[in-house]
Amino acid sequence: MAKILLGFIIVFAAVVEGTMAEGCDKDRGDMIRECKKYEMFPATPKIDPSPACCAVWQRADIPCLCKRVTKEVEKEWCMEKVIYVTKYYGKPFDPGYKCGSYTVPPVVQ
């Protein structure tokens, strides 16, 4: 009985992880479609994001997306602009938050 229960737990965990990865893939696609023009290099000018981009950020699994930010991604997406967008829609990253290799700097007052 214990082996059956353990097998069920393993299968359930695999299904949950697969579902989470699919959600992250959808978030990534939505982010590219709705936010790319606001978050790509060059670092200036910073443009206020659209309501559709803000909606993507508000519902996206940000920790999952940040885990997928590689050095290659950081060559295209300007993390300064990403931070600008998060501040614009009122849900900024906390200082010290790490997304890819980028760490959000402390707030300067």
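Q: In this predicted model, which residue just after α5 takes a positive phi?
A: The place to look is just after helix α5. The phi there is about 85°. The residue is Gly90.

Q: Which residues does Thr86 touch, not counting residues up to four places away in sequence?
A: Thr86 is placed in helix α5. Contact means heavy atoms within 4.5 Å. With residues up to four places away in sequence set aside, Thr86 touches Trp57, Lys91, Pro92 and Phe93.

Q: Is Phe93 buried or exposed?
A: The cut-off for buried is under 20% relative accessible area. Phe93 has a relative accessible area of 14%, so Phe93 is buried.

Q: Which residues touch the most other members of the largest nonpolar core?
A: This core has 24 residues. The elements giving two or more residues to this core are α1 (2-39), α2 (51-59), α3 (62-67) and α5 (79-88). In soluble globular proteins, nonpolar side chains tend to be buried together. The members that touch the most others are Met31, Trp57, Ile62 and Phe93.

Q: Why do the buried residues of α2 line one face of the helix?
A: The buried residues of α2 are Cys53, Cys54, Val56 and Trp57. Seen down the axis of α2, these residues line one face because they fall within an arc of 155°.

Q: Where does Pro42 lie?
A: The peptide bond from Phe41 to Pro42 is cis, with omega near 5°. The bond from Thr44 to Pro45 is cis as well, with omega near 0°. Pro45 lies in the loop between α1 and α2. Pro42 lies in the loop between α1 and α2.

Q: The rings of Tyr84 and Tyr88 have their planes at what angle?
A: The whole structure holds four aromatic pairs. In the pair of Tyr84 and Tyr88, the ring centres are 6.5 Å apart. Both residues lie in helix α5, four residues apart, about one turn of the helix. The pair is tilted because the planes stand at 35°.

Q: Which residues do ring pairs link into a cluster?
A: Tyr97 counts as partly exposed, at 27% relative accessibility. Ring pairs link Tyr97 into a cluster. The members are Trp57, Tyr89, Phe93 and Tyr97.

Q: How far apart are the closest N and O atoms of Arg68 and Asp25?
A: By the rule of a side-chain nitrogen within 4 Å of a carboxyl oxygen, the count comes to eight salt bridges. Arg68 forms one with Asp25. This pair links distant parts of the chain, with Arg68 in the loop between α3 and α4 (71-76) and Asp25 in helix α1. The closest N and O atoms are apart by 2.3 Å.

Q: Which residues are linked in a network of salt bridges?
A: Asp30 forms a salt bridge with Arg59, at 2.8 Å between the closest N and O atoms. That pair joins helix α1 to helix α2 across 29 residues. Glu34 and Arg33 meet in a salt bridge at 3.9 Å, N to O. The network comprises Lys26, Asp27, Asp30, Arg33, Glu34 and Arg59.

Methods. Residues are numbered from 1 along each chain as its sequence is written. This is a predicted model: local features need pLDDT of at least 70, side-chain atom pairs count only at pLDDT 80 or more; totals for chains, interfaces and linings use all residues. Side-chain values use heavy atoms; hydrogens and water are left out. A nonpolar core is a set of buried Ala, Val, Leu, Ile, Met, Phe, Trp, Tyr and Cys residues joined through side-chain atoms within 4.5 Å. Buried means under 20% relative accessible area, exposed over 50%, partly exposed in between (1.4 Å probe, protein chains only). The arc is that of the directions from the helix axis to the C-beta atoms. Rings of Phe, Tyr and Trp (its six-membered ring) pair if their centres lie within 6.5 Å; planes under 30 degrees apart count as stacked, over 60 as edge-to-face and the rest as tilted.
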